[in-house]
Amino acid sequence: MKKRISVVLMFAFLLALVSVSFAEAAAFDQVLQRWTKSRKIVDPDGANLEIRATYYSAEFIEALIQKEAQANLWTQQEADDYKFNFLGALRLQEMVPIQVEFINNGPTMYLGPFDIMIKLRIGNKQYKPVDYDKRFNFRFQGKKEGLVYFPRYDEKTGKDLLKGVKNVRLEISPNISPLTEGSDTVFMWDIANDNPEKLYQGKTAARFETDRLLKRLEKLRKDKADQEKQLQGINDEIKTIQARLDELAKQQ
């Protein structure tokens, strides 16, 4: 009888675990759908091209980190480590990362150089990618995906380009494929409530500040060494000049 009860309890536990996993997966899918835009083009002969783009908002990034943590049964420390490394790789404090994916079941696509094929419109200005997955520069059929990074700050003024902005538009040239028949692909995201700063709280914030201060300290030490080297050069020249002046004084 006890054995039978144990089996029932174990089955109930596994069922609960599976239910939680399904609920978590469903919650992530909802976040993913909120931040992913797509367009599918099909010609009369059946050739087709699907374009997807995912804006890396704070909500999406947090959901992605939690999904990985749950899938790998990480401890809190392991999850914090992953978050620190992931945010560092995304360069979120300097860039606006967007994941772009093409599923091309049509003519060969040639997107190189990719930075002239894709722009991010913020307000009334267009911005080219600062960096992107260079695999986009090569001809391909089938699936290709990668991250594209746009500037978060104005290059000249240092102003936060997203401050006070309600939405951004990703604009992809019609020249990417004859299937577009000359039409732009445009995806728009409402980012009025997106706040990447909340990703940098608690231990993560402390680690990023520590990392930033260590890099700053390293730079200051290098500057100090350069200045000391320069000062030593000046002192040597002063000694040389003074020695020569002394020699000349003796000759007079």
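Is Lys37 buried, exposed or partly exposed? Lys37 is partly exposed, with a relative accessible area of 26%, where buried means under 20% relative accessible area, exposed over 50%, and partly exposed in between (1.4 Å probe, protein chains only). The model discussed here is predicted, so that local features need pLDDT of at least 70 and side-chain atom pairs count only at pLDDT 80 or more, while totals for chains, interfaces and linings use all residues. Residues are numbered from 1 along each chain as its sequence is written, and side-chain values use heavy atoms, with hydrogens and water left out.

Lys37 belongs to strand β1 (residues 36–42); helices (H or I, at least four residues) and strands (E, at least two) are DSSP runs, numbered from the N terminus. Not counting residues up to four places away in sequence, Lys37 is in contact (heavy atoms within 4.5 Å) with Ile51, Arg52, Ala53, Phe187, Met188 and Trp189. Tyr55 is 18 residues from Lys37 in sequence, and the two C-alpha atoms are 8.6 Å apart in space.

Strands of a sheet pair through backbone hydrogen bonds, either parallel or antiparallel. In this structure, five strands form an open sheet in the order β1-β2-β3-β7-β6, with antiparallel pairing. Because β1 and β6 stand at the edges, each with a single partner strand, one side of each is left without a neighbour in the sheet. Two strands count as paired if DSSP finds at least two bridges between them. Strand β3 (residues 95–109) and strand β7 (residues 140–151) are joined in the antiparallel sense over 11 bridges. Within this pairing, Pro97 stands opposite Tyr149 in β7, and Val100 stands opposite Gly146 in β7. Strand β6 (residues 131–132) also pairs with β7 in the antiparallel sense, over two bridges, and Tyr132 has Val148 in β7 as its bridge partner.

The charged side chains come next. Side chains of opposite charge can pair when their charged atoms come close. A salt bridge is a side-chain nitrogen of Lys or Arg within 4 Å of a carboxyl oxygen of Asp or Glu, and the whole structure contains 15 salt bridges. One of them joins Lys143 to Glu101, with the closest N and O atoms 3.5 Å apart. This pair links distant parts of the chain, since Lys143 lies in strand β7 and Glu101 in strand β3, 42 residues apart. Lys143 is exposed, with a relative accessible area of 53%, whereas Glu101 is buried at 10%. Another salt bridge forms between Lys134 and Asp131, whose closest N and O atoms are 2.9 Å apart; Lys134 is partly exposed at 43% relative accessibility, and Asp131 is partly exposed at 22%. Arg135 and Asp133 also meet in a salt bridge (2.6 Å, N to O). Salt bridges that share partners join Glu50, Arg52, Glu101, Lys143 and Glu145 into one network.

Lys119, in strand β4 (residues 118–122), presents a contrasting case. Lys119 is buried yet has no salt bridge, and Asp115, the nearest side chain of opposite charge, is 6.8 Å away. For such charges, Lys and Arg count as positive and Asp and Glu as negative, while His and the chain ends are not counted. The backbone oxygen of Asp115, however, lies 3.3 Å from a polar atom of the Lys119 side chain. Leaving aside neighbours within four places in sequence, Lys119 is in contact with residues including Gln126, Tyr127, Phe150 and Glu171.

Methods
Polar contact = N/O pair within 3.5 Å; in protein donor to acceptor, adjacent residues only side chain to side chain.
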